[in-house]
Amino acid sequence: MKKTVGAFLIISLTSCQLAAVKEPVLSSYSLTSAPVVAVANDHAPVYASESQHQTLLLTTMLANPGYQTEKMIYSYSNEPYKLMSYVNSQWVAPPAQMLLPQLATAIRQKHVYKAVVIQPYQGASNVVLSTRLLYLRQVFQPQSSRSSVQ
């Protein structure tokens, strides 16, 4: 009886090791911009106005539902209002949180304001810009794909 129980125990433990379930790997993605190539006249102000002496404060970007977490969501073109999330893919941070520094950099490169700052900022600012991420979409087509942020 002991030999039978021992053999059963060894077979059970061996089969557990052979049939181990492999967890899928969770992949994390970041929104990054392409490197900016400076042109000869890149430092010339775009607008000659009073704004060149002002500080622009970008408030924390708000996001529509579905874009407030690290979940990477998608929808099908025939059901655009049905949002689903990928199981094995996620953002490293909520999309609005990743887009705000890129927006600040893009505005700074235009040299319209003396300074462009992001909350939390304790100093004085002349202009405040509040933004909201409405959607972040990449459309896959047979020959190409395109992205849009609104």
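These legends describe close-up views of a predicted model. Local features need pLDDT of at least 70, side-chain atom pairs count only at pLDDT 80 or more, and totals for chains, interfaces and linings use all residues. Residues are numbered from 1 along each chain as its sequence is written, and side-chain values use heavy atoms, without hydrogens and water.

**View 1. Three strands form an open, parallel sheet.** The order is β6-β2-β7. Strands are DSSP runs of E, at least two residues; helices are runs of H or I, at least four; both are numbered from the N terminus. Strands pair if DSSP finds at least two bridges between them. β6 (115-118) and β7 (127-129) are the edge strands. β2 and β7 share three bridges. Leu57 stands opposite Val128 in β7.

**View 2. Helix α2 lies across β2, β6 and β7.** α2 runs at about 175 degrees to β6; angles run from 0 to 180 degrees between N-to-C directions of axes fitted to C-alpha atoms, for helices over the stretch in contact.

**View 3. The largest nonpolar core has 17 residues.** Such a core joins buried Ala, Val, Leu, Ile, Met, Phe, Trp, Tyr and Cys residues through side-chain atoms within 4.5 Å. Leu58, Met61, Val116 and Leu133 have the most contacts inside this core. β2 (55-58) and α2 (95-108) each supply at least two residues. The largest share, six residues, comes from α2.

**View 4. Val116 touches Leu56, Leu58, Ala104, Ile107 and Arg108.** Residues up to four places away in sequence are not counted. Contact means heavy atoms within 4.5 Å.

Conventions
Buried < 20%, exposed > 50% of the residue type's maximum accessible area, 1.4 Å probe, protein only.
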